[in-house]
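Please look through the sequence and the structure below, keeping side chains and their surroundings in mind. The paragraphs that follow go from charged pairs to a residue in a helix.

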Amino acid sequence: MPQWIRRFFDCQSMIREAQKIDVIPPSREVYGNTFNIAWPSAVESVLVGLVGVIDTMMVGTIGPEAIAAVGITNQPKLIFLAVIMSLNVGVTAVVARKRGEEDAQGANGVLRQSILLSAAFSIVSTIVGVLFAQEIMEFAGAGADILDDATAYFKIIMLGMFFNSLSMTINAAQRGVGRTKIAMRTNLVANGLNVIFNYLLIGGNLGFPRLGVRGAAIATVIGLSVAFLMSVISVLHHGQFLSLRAHGSWRFQGQTMRSLCKVGSSALIEQLCLRFGFFTYAKIVASLGTVAFATHQICMNILSISFSFGDGLSVAASSLVGQSLGAKRADMAIVYGKVCQRMALIIASVLMVCFLFGRRVIMMAFTNDEAVISQGAVIIILIGLICMIQMSQVVIMGCLRGAGDTRFTAAVSLISVAVIRPGSAWLFCYPLALGLMGAWYSLCFDQIIRMVLSMVRFSGGNWTEIKL
């Protein structure tokens, strides 16, 4: 193993060196702090990812067309959420700094400002999404066989955008102070309701109407609405660090907005690059045909499970890095980043084994179409490799975002996701005639580039000096 890679993962020597010059928790406590914040974040992220997975699995009983109809709405939906997601990166980073500084009033100011911004953006997104749903689906590449179902599903999902956005923003603030169990509980309830109402509304069970794809969308919105109420309740208690009942103003505050914009503006560029790249990539795959796209969508849902674990650890890394830098402990920020990396590699190794040996069983959980199962089982072999690479780069990116280094993450997204992934996908799928496998080779290539660039940046250490 190259020396620079060995140094990258060596957190034990970092802890020993830091203990010589300053007060630092013992290794057991460092791992314990990381685990206590990371496991609820990981579970929450998996639950968020399972919303789409559950809908795909349960509409899979209708046929490949239903899977494709639900799947083709994912990237347009995430494009509308790009502003909210970038805002939330800033919310988590700034609130974490305030927590490290023990500035509860400042943290609550950030929470109030972010709620107002999230509400405004979500209302505009809902109006545009509902009015132009069919045009958006046509542009996304929906064929005549899935256009009606995709349009109906998208309209209903966009009606739940307000609840989804505000819940995400409040949970982002809670992550900044380390209360990751709040978001885990809200998403656990949302997924439970989604499964129940999917069963009732997709197939028309227990006397409920048979609504098919539309029923899956309604079930998702019901779950999101209840999650929103739970998130709001979580910030209405007296005496906690984040509380809307604490003294403070709802007026826009210049310093708070500047801090949010400093992180969020670069995060927005990153999100737009991601969404453009993912949207173009999905459109290229959709042109391969309904069966190929249905196979691709199932495999993307499977990959999203590994991403969800990585994203959960990334959230924990962002929170711990932000709090450490707020407390003027750059050494601890690096230590926590490396500990999260170790955890990610352990989880990725377990997932890789599961994917390699259970690939046909996993595919059969989504569909009984043999053509889809056979093609997907081959792709899952590649997913086993990709999940190792993906989880590593996702966690490192979380560390950099927690430090406010969002300009770098935006630049990486521009290079890798917005240019390299769709460009190589077109090359592999069409001139080289590799079909669906070509699209997955391009995804693997993209992940490798992002991992290498992020590892080099993390190892440099300059991200610990960024001021918010």
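Is Arg99 buried, partly exposed or exposed? Arg99 is partly exposed, with a relative accessible area of 26%, where buried means under 20% relative accessible area, exposed over 50% and partly exposed in between, computed with a 1.4 Å probe on protein chains only. This is a predicted model, in which local features need pLDDT of at least 70 and side-chain atom pairs count only at pLDDT 80 or more, while totals for chains, interfaces and linings use all residues. Residues are numbered from 1 along each chain as its sequence is written, and side-chain values use heavy atoms, with hydrogens and water left out.

Arg99 forms a salt bridge (a side-chain nitrogen of Lys or Arg within 4 Å of a carboxyl oxygen of Asp or Glu) with Glu102, their closest N and O atoms being 2.9 Å apart. Glu102 is exposed, at a relative accessible area of 55%. By this rule there are eight salt bridges.

Another salt bridge joins Arg457 to Asp405, with the closest N and O atoms 2.9 Å apart. Because Arg457 lies in helix H19 (residues 435-460) and Asp405 in the loop between helix H17 (370-402) and helix H18 (406-429), the pair ties together parts that are 52 residues apart in sequence; helices here are DSSP runs of H or I with at least four residues, numbered from the N terminus. Arg457 is partly exposed at 31% relative accessibility, whereas Asp405 is buried at 4%.

Within helix H19, Arg450 and Asp446 are four residues apart, which means a separation of about one helical turn. They form a salt bridge whose closest N and O atoms are 3.0 Å apart, and both are buried. Salt bridges with shared partners join Arg421, Asp446 and Arg450 into one network.

Methods:
Helices (H or I, at least four residues) and strands (E, at least two) are DSSP runs, numbered from the N terminus.
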